[in-house]
Amino acid sequence: IFPRSILRLPKYDYFSVLMAQMTNTFKDLPLSPTLAQAVEELGYTHPTPIQAATLPQLLEGPTDFLGLAATGTGKTAAFGIPLLEQLNNSRREVQALVLCPTRELALQVTQQLNLLGKYKKLKAVPVYGGAGYGDQISRLRDGAQIVVATPGRLIDHLERGTISLDKVETVILDEADEMISMGFKDELESILEMLPPQTYNTWLFSATMSKEVRRVADRFLSEPKVVQVNKTEMLSGTVRQIYYKVKESDKPDILCKLIDMEESFYGLIFCQTKSLVADLASLLANRGYKVDSLHGDKDQVQRERTMRAFREHRVNILVCTDVASRGLDVKDLTHVINYSIPRELDNYVHRIGRTGRSGKTGVALSLVTASHMNLITRIENMTKSKMEPGTIPNRKDVGTRKVSKLLEKFLAVQNPDRVETLLNEEWTSSLEKMSKAEIAARLLTLTFPDTFVDRDKTQQPQKVLGQAHAPAADHGGERRRRRDGREPRRDREHHRDREHRRDREPRRDHGYRREAGRSRDSRGERRHAGRNEGRPHRRQNEHRNYV
């Protein structure tokens with residue numbers, strides 16, 4: 001009955017999984033009137049599985065808690081509702097701490113808690129890096145009861161003395177596995193060690209139970225109640241997974257075809273590297289798509305501007321790295337596309353968890369090269385779900401879909417007579433020689449040149465995009481590594497070292513006379529003209545004594 005990941009954990013109350021009181025609606029929960037009103041206004045009627053199993057236990061009273069559930073299953077409300085019920089709005093001090101791995105997740109958790117706690121007059125403040133300290137300090141001084149923070153910035157505030165955690169009663173570790181995988185394990189433990197011992201309860205929520213997460217749970221949780229929701233059921237029930245076997249150089253064109261085949265595409269495209277994100281976003285923008293990018297090199301102002309445009313549907317495609325696979329909670333995403341399969345397969349679950357949230361359906365598409373086809377089987381085994389092989393649409397399929405979508409707009413055009421007055425005799429005589437179908441076809445060709453006009457593939461940056469992503473480009477280096485067991489130098493570093501050696505050890509000048517076609521550089525080296533430039537003539541030394 002119990003997953004092995006839980007049975008390996010000592011001292012945990014395994015039977016809480018079976019004995020958890022499941023609730024059918026939020027009205028069945030013993031909520032205060034003010035909190036129940038906020039829940040109803042947010043449209044919460046039926047809890048998700050993690051909420052149904054978690055809320056009754058956390059509302060009973062103080063306890064340590066371990067919740068295991070996939071991303072996108074409603075964990076924020078699962079811990080937010082009982083947290084707000086426990087807080088005292090008359091105390092203008094920090095009573096709860098929520099730790100998040102990313103700035104985006106911290107902002108979204110803060111927004112959700114403020115919406116749920118608005119009638120109880122409870123305030124949550126986000127504390128994250130990339131933003132100024134002044135605004136955060138002023139909000140903290142206003143008397144926030146909840147601090148939602150990323151580990152690094154929280155430690156900065158603690159060292160500055162601008163945050164006091166002496167009165168904290170509940171600490172929540174949201175997406176604990178992601179915080180640890182991002183390298184925040186030491187900061188996480190340092191923060192927990194700074195808190196007054198035995199004065200607070202710890203609630204840990206995670207999508208996976210790695211060895212590092214287990215160590216943190218064993219160290220900082222005392223006889224916790226445990227709830228796990230099978231993440232594979234959430235994936236197979238709400239997200240349709242399709243993969244396409246492609247060549248690396250064909251990925252950009254196939255990606256555009258998949259987007260064009262959808263009635264209304266609103267989703268994320270995940271790439272492995274920041275350079276690939278920039279190249280792909282530029283390519284899509286040049287082809288007329290409303291696209292933006294999100295990666296680690298963007299500062300907080302840029303990230304917030306990008307997310308605002310995406311949420312307001314001014315941008316319907318967001319190309320991003322795995323920095324966005326956690327913490328992004330955008331409503332009604334229709335698609336997630338894996339332009340490149342993640343190196344760590346756990347990230348696959350987090351990526352596609354961006355769509356099909358809260359019981360809604362979504363589609364996850366993956367572009368897979370022949371060398372990565374083995375990852376499909378590994379993903380299926382990990383998630384206990386089935387991925388469908390997809391058929392790549394051809395140009396006719398895409399053209400038919402585009403033309404059919406444009407017909408409604410074509411018929412809705414108002415005041416076409418204004419354009420008719422602009423047609424001169426040359427236009428009139430040309431149109432008289434064409435049929436109506438030919439006129440429509442010519443206009444559609446101008447409207448969709450990428451679909452109906454043959455492009456010279458040599459002019460497209462597919463090869464650059466593929467090279468930016470290719471995971472095993474250094475075949476020669478791999479052969480050298482196997483041959484002598486040593487790690488080969490990168491070509492760029494080797495070239496740089498060779499240049500430094502040349503600067504430090506210039507060739508000796510033997511005093512040759514400058515002749516026609518030859519000259520000397522600043523180091524006294526000869527530079528020969530013509531095909532043999534840089535090569536001394538083999539008979540030159542024979543004439544040395546006679547020059």
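Is Glu189 buried or exposed? At 14% relative accessibility, Glu189 counts as buried, where buried means under 20% relative accessible area, exposed over 50% and partly exposed in between, with a 1.4 Å probe and protein chains only. The model is predicted, so local features need pLDDT of at least 70 and side-chain atom pairs count only at pLDDT 80 or more, while totals for chains, interfaces and linings use all residues. Residues are numbered from 1 along each chain as its sequence is written, and side-chain values use heavy atoms, with hydrogens and water left out.

**Overall make-up**

- The chain has 25 helices and 16 strands; these are DSSP runs numbered from the N terminus, with helices (H or I) of at least four residues and strands (E) of at least two.
- Of the 547 residues in the chain, 45% are buried.
- Among contacts with a separation of 6 or more, 74% are between residues 24 or more positions apart; a contact means heavy atoms within 4.5 Å.
- The chain has an accessible surface of about 30300 Å², and carbon and sulfur atoms hold 48% of that area. Accessible areas come from the Shrake-Rupley method with a 1.4 Å probe, and for residues only the protein chains shown count as cover.

**Nonpolar cores**

- In soluble globular proteins, nonpolar side chains tend to be buried together.
- The largest nonpolar core contains 36 residues, and Leu97, Leu99, Leu173 and Leu204 have the most contacts inside it. A nonpolar core is a set of buried Ala, Val, Leu, Ile, Met, Phe, Trp, Tyr and Cys residues joined through side-chain atoms within 4.5 Å.
- H11 supplies the largest share of this core, four residues.
- Apart from this core lies another, of 34 residues, which includes Leu35, Val98, Val148 and Trp203.
- Leaving aside residues up to four places away in sequence, Leu97 touches Val147, Leu154, Leu165, Val168, Thr170, Val171, Ile172 and Ile191.

**Aromatic pairs**

- The whole structure holds four aromatic pairs. Rings of Phe, Tyr and Trp (its six-membered ring) pair if their centres lie within 6.5 Å; planes under 30 degrees apart count as stacked, over 60 as edge-to-face and the rest as tilted.
- One of these pairs is Phe26 with Tyr44, which is stacked at 5.7 Å centre to centre with 25° between the planes.
- This pair links distant parts of the chain, 18 residues apart: Phe26 is in the loop between helix H2 (16–19) and helix H3 (33–41), and Tyr44 is in the loop between H3 and helix H4 (49–60).
- Phe26 is buried at a relative accessible area of 5%, whereas Tyr44 is partly exposed at 25% relative accessibility.
- Phe65 and Phe205 form a tilted pair, because their ring centres are 5.5 Å apart and their planes are at 40°.
- Phe65 is in strand S1 (residues 65–68) and Phe205 in strand S6 (residues 201–206), so this pair ties together parts 140 residues apart in sequence.
- Phe65 and Phe205 are both buried, and together with Phe79 they form one aromatic cluster.

**Charges over rings**

- The charged end of Arg153 sits over the ring of Tyr133, 4.0 Å from the ring centre. The criterion is NZ of Lys or CZ of Arg within 6 Å of the ring centre and within 35 degrees of the ring normal.
- Lys251 places its charged end over the ring of Tyr339, at 5.3 Å from the centre.

**Salt bridges**

- Side chains of opposite charge can pair when their charged atoms come close.
- The whole structure holds 22 salt bridges, each being a side-chain nitrogen of Lys or Arg within 4 Å of a carboxyl oxygen of Asp or Glu.
- Glu175 and Lys75 form a salt bridge at 3.8 Å, N to O. Glu175 is in the loop between strand S5 (170–173) and helix H9 (176–181), and Lys75 is in helix H5 (residues 75–86), 100 residues apart.
- Both Glu175 and Lys75 are buried.
- Asp135 and Arg139 form a salt bridge at 3.4 Å, N to O. They are four residues apart in helix H7 (residues 133–141), so about one helical turn separates them.
- Asp135 is partly exposed with a relative accessible area of 44%, and Arg139 is partly exposed at 38%.
- Arg219 and Glu189 form a salt bridge with their closest N and O atoms 3.4 Å apart. Arg219 lies in helix H11 (residues 211–220) and Glu189 in helix H10 (residues 185–194), 30 residues apart.
- Arg219 is partly exposed at 47% relative accessibility, whereas Glu189 is buried.
- A network of salt bridges links Lys185, Glu189, Glu193 and Arg219.
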